[in-house]
Amino acid sequence: MAELENMIQEKEQFSSEQLRQCAEVSSELNQLRAELATYHNRCTELESRMIQDQQQLGAEKSQIMFEAEKLNQELNTINTIRREQDTMMEKLKERVTLLEDTNEKVAEELVEYATCLEEERSTARHLKQEFEQLQSEHE
C-alpha cells in the first residue's frame with residue numbers, strides 16, 4: 001500500500017510538474033506569438049516602405065534616364081560641332097599652306113624681278129657711261 005501511495009504521490013508530482021512545464025511552455029508560446037505578430041507587423045511595414053522606395057527609385061530612374069538622354073543629345077551636338085570645327089581647321093590649314101606657297105613663289109619672283117631690275121640698272125648705268133663717253137669723244 002505504501003508503494004501504491006508513493007506511486008500516486010509520484011504521479012501527482014509528475015502531473016504537477018507537467019502542468020507547471022505546460023504553463024511555462026504555454027507562456028513562452030504566447031510570448032513567441034506576440035513577438036511573431038510584432039515581427040509580422042514590422043515586415044508588413046517594411047514591405048510597404050520597400051514598395052514605396054521602389055516606386056520612388058523608379059521615378060528617379062526615369063528622371064535620370066531623361067537627363068542622361070538630354071546630356072547625350074548635347075554631347076552629340078558638341079561632337080558634331082567639333083567635327084565641323086576640325087573640318088574647318090583642316091580647310092584653313094590647307095588655305096594657309098596654299099597662301100604660304102603662293103607667298104614663297106611671289107617672294108622668289110620678287111627676288112628674280114629685283115635681280116633683273118638691278119641688272120637692267122647696271123646695264124643702264126653702263127650704257128649711260130658709254131653714251132657719256134661717246135658724247136665726250138664726239139665733242
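Visitor: In which helix is glutamate 104 found?

Guide: Happy to show you, and do keep in mind that this is a predicted model. Glutamate 104 is found in helix α1, which covers residues 2-138. It's partly exposed there, with a relative accessible area of 49%.

Side chains of opposite charge can pair when their charged atoms come close. A search of the whole structure turns up 3 salt bridges.

Let's start with glutamate 45 and arginine 42, whose side chains meet at 2.8 Å, N to O. These two sit 3 residues apart in helix α1, so about one helical turn separates them. Glutamate 45 is partly exposed at 41% relative accessibility, and arginine 42 is partly exposed too, at 39%.

Next comes lysine 93, which forms a salt bridge with glutamate 90, their closest N and O atoms being 3.9 Å apart. Both lie in helix α1, again 3 residues apart, or about one turn of the helix. Lysine 93 is partly exposed, with a relative accessible area of 47%, while glutamate 90 has 43% and is partly exposed as well.

That leaves glutamate 118 and arginine 125, a salt bridge with its closest N and O atoms 3.3 Å apart. Glutamate 118 counts as partly exposed at 41% relative accessibility, and so does arginine 125, with a relative accessible area of 45%.

Methods. Residues numbered from 1 in each chain as written. Predicted model: local features only at pLDDT ≥ 70, side-chain atom pairs only at ≥ 80, totals over all residues. Heavy atoms only, no water. Helix = DSSP H or I, 4+ residues; strand = E, 2+ residues; numbered from the N terminus. Buried < 20%, exposed > 50% of the residue type's maximum accessible area, 1.4 Å probe, protein only. Salt bridge = Lys/Arg side-chain N within 4 Å of Asp/Glu carboxyl O.
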